[in-house]
Amino acid sequence: MKIIVVDDEPVIADTLVDILNGEGCEAVAVSDGPSAIKWAEMIQPDAIITDVIMSGMNGIEAAKAIMKILPNCRIILFSGQAASLDLLEKARAEGYEFEILAKPINPTLLLEILGLPENPGSLETASRSARTA
Amino acid sequence: MQFVFKRFQIHTMPLKALQFEPAINRPRINQDSVDSHGHTVQFYCDDGYLLDGLSRFIGSALGAGEAAVIIATQAHRDGLAERLKALGMDISVATHQGRYVALDAGETLLKFMRDGSPDPTLFAQVIGKVLTEAKGAAQSQHARVAAFGEMVALLWAEGKADAALQLEHLWNDLAQSHSFNLHCAYPISGFGQVSDADLIAKVCAAHSHVIPSESYTALANEEQRLLSIVTLQQKAIALETEMAAHENIQAELIRDRQTAQEARLRLAAIVESSDDAIASKDLNGVVTSWNGSAERMFGYKAEEIIGKSVTLIIPPELQDDEKMILGKLRKGEKIDHFETVRLTKSGERIDVSLTISPVKDDSGKVIGAAKIMRNITETKKMERALILTEKLASVGRLAATVAHEINNPLESVTNLLFLANRDLANPPKARHYLELANRELERIAHIARQTLGFYRDTSAPAMTSVSQMLDELLFLYDSKLESRSIRLVKQYHGAMELIALPGELRQVFSNLISNSVDAMPFGGSLIVRVSETRNWKNFDVQGIRITIADTGSGIAPHHVKRIFEPFFTTKAEVGTGLGLWITRNIVEKHEGAIHVRSRVEAGRSGTTFSVFFPQAGSQSEERPRWERSNALLRGSASLTGAGAEA
């Protein structure tokens, strides 16, 4: 599964990519909206996980642009602040529906949502499967 | 035969020889209607003059052997008897003979007055009898009776003008059956009113002869009398002119009074219908007026509070307000929109806005005050609600920002722990993840301390030595200053003590010092100055100014405006952006002020923070209310914090 992770906090983007790659995905980390669009055109990902509030282009604008290029790409927003809800409301009024997750999200849950069933359950299961991998 | 007085002759001629003839100057009124007898009216000013003339009239009648009837007051009867005696007449003999009859005017009146009017039948009986008897006693068969009557004058003096005129006519009627010469006398002073003109004409009309008062009759000759007439005519004209002018003035006065009354009524209506309570008081604070709104606002009726002290509506702890207000008023100063608390009759406290103006008399002297009181309880309630809403909103904003600042590192920590757990088989890698996680957790802890901890500092304010606190802090920075070769300059002037929250004060200084140190990675000077001073915005307020200056890189002008905003930072790697925001909050809480000056020009760059703390200051909530009122009355701005200075 090809995934692009977009977050202006490098630690978050890098760790998520690390986790996803550990589950056999091909994930890349980018830190802003325009880069996300550029990478989406290039690698045609199956899913995009993006932060909402970022300087420059916000996550929702980036998501809308990517939907136009890749209608089948799954888009998951994740955010740590209430202001994102306002942006989401605005997008909904324009006819866009997005999945949104609240930070901090348990990585196990995220993997589940992404339909990566070979890594279900708790941290222990995750680490065991990581060791076996 | 008619009797007149010829006063020129009286002393030189014997009584018997006296001749009475009409004087040329004596006006004759209604002579035709009174011809069977003589009915004379004499006006007089002076009793003595009247009695002199009367004694000659009566004296000559008695001297001629005729009879005399005197119906007069006691004083006049006595005066007449004395004068007759002086003229050599023995009235006791005449009295004995029944030729001299002296009756009391008041007593005689009572004999025929009924229901305030003379009864004609009784009058004819009573007086007729007296006249008949007197005439019978006279020595001469054809003699007439000389009569003097004062009953009319008595009635006149009592204000019974109609009765007096009736009585005059009854005398005239009596003349049909009796032969007498009647002499009436009225004091001219009894006709002093303009409205007496008609009455005096009627009195004169009831007589056959009229004798003016002595100012005319006493004159020596015709020439003088004519002159007197001209003088009187001139006086009359002048008086008429005077009266016309007087009437005009009177009418004008009435018009003015009406206009004033209307204006007063209009003003009273405005005051009464005003929604604001309007009252007035004198300079002792005694209420002198109280309108309807005041009644409704305070529950006291006007009649309950007028005359009482206005302190009745002032809460006990604000009683000093009144002294200050009266002091200002005595100086003629006005008090505008003074917000305070007043007490209603039921003991309820209401927020009011007072406007009090001195009331001056015509000479400009302050004699009292007019006060307008507006109930602002509802406005105040709304204001408080707004402030609370504003507070909640800012807490909400803070919470949102904190959420973002905390949720991001939490996300990292969660991911890092997941990875560490996954890579337990690879200890160096796992350790790396754990170290990163630890750093993120420290970030979270720092933010939590800075934001949440700040609001929980509830320690009591204490006397704090600023210089000592600075010394302690600077000691902690000693090694850092040395390693960066930062030169420290301390300039403390005077005793530096404040009542403050020590923990918060330390945070203020610590933030400013660490900012300065951060701004000088390659050395420079740190200047810490403490001095006693006054607030720049209000010189009434004394306090302490702490200046912390560095020769560091400076703050860009477009950043200076934002440095007190929460989470604004130019040191993304190390800062949370909360330091100066917290610093300003603490300074404001202590009713102080913070200023910043900064330069970025190379070679002369640097930043100076200046913090002012008032020495008497503590939180406004803890300050006695009256003290705040004083400050308001003085027009002081000392209570405002540094809100405008950030």
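B:His337 is exposed, with 11 other C-beta atoms within 10 Å. The cut-off for exposed is 12 or fewer, so B:His337 qualifies. Keep in mind that this is a predicted model. Now the backbone. Phi of B:His337 is near 45°, a positive value in a residue other than glycine. Most residues other than glycine have a negative phi. And where is B:His337 found? In strand β11 of chain B, residues 335-343.

Chain B has another case. B:Asp115 also has a positive phi, near 55°, and is not a glycine. B:Asp115 sits in the loop between β4 (113-114) and β5 (117-118) of chain B. Buried or exposed, then, for B:Asp115? Exposed: 5 other C-beta atoms lie within 10 Å.

Next, the sheet in chain B. Six strands make an open sheet, and the pairing is parallel. The order reads β3-β2-β6-β7-β1-β8. Which strands stand at the edges? β3 (100-104) and β8 (209-211) of chain B. Each has a single partner strand, so one side of each is left without a neighbour in the sheet. From one strand to the next, the twist averages 15°.

Look at the β8(B) end. Strand β1 of chain B, residues 38-44, pairs with β8(B) in the parallel sense, over three bridges. Take B:Val41: its bridge partner in β8(B) is B:Val210.

Now the helices on that sheet. Helix α1 of chain B, residues 47-63, packs on it. This helix touches β1, β2 (67-72), β3, β6 (145-149) and β7 (180-187) of chain B. The direction of α1 makes about 160° with that of β6(B). Helix α5 of chain B, residues 120-137, packs on the sheet as well. Its contacts are β2, β3, β6 and β7 of chain B. Here the angle is about 145°, taken against the direction of β2(B).

On to the interface. 22 residues of chain A are in contact with 20 residues of chain B. On the chain A side, α1 (10-22) and α6 (123-132) each supply at least two residues. Which element gives the most? α1(A), with seven residues. By class, that side of chain A has twelve nonpolar, six polar and four charged residues.

One last stop, in chain A. A cis peptide bond joins A:Lys103 and A:Pro104, with omega about -5°. Most peptide bonds are trans. A:Pro104 lies in the loop between β5 (99-102) and α5 (107-113) of chain A.

Definitions and conventions. Residues are numbered from 1 along each chain as its sequence is written. Chains are lettered from A and ligands numbered from 1 in the order in which they are written. This is a predicted model: local features need pLDDT of at least 70, side-chain atom pairs count only at pLDDT 80 or more; totals for chains, interfaces and linings use all residues. Two residues are in contact if their C-beta atoms, placed from the backbone, lie within 7 Å. Helices (H or I, at least four residues) and strands (E, at least two) are DSSP runs, numbered from the N terminus. Ala, Val, Leu, Ile, Met, Phe, Trp, Tyr, Cys and Pro count as nonpolar, Asp, Glu, Lys and Arg as charged, and the others, Gly among them, as polar. A residue is buried if 20 or more other C-beta atoms lie within 10 Å of its own, exposed if 12 or fewer, and partly exposed in between; C-beta atoms are placed from the backbone. Two strands pair if DSSP finds at least two bridges between them. Axes are lines fitted to C-alpha atoms, for helices over the stretch in contact, and angles run from 0 to 180 degrees between N-to-C directions.
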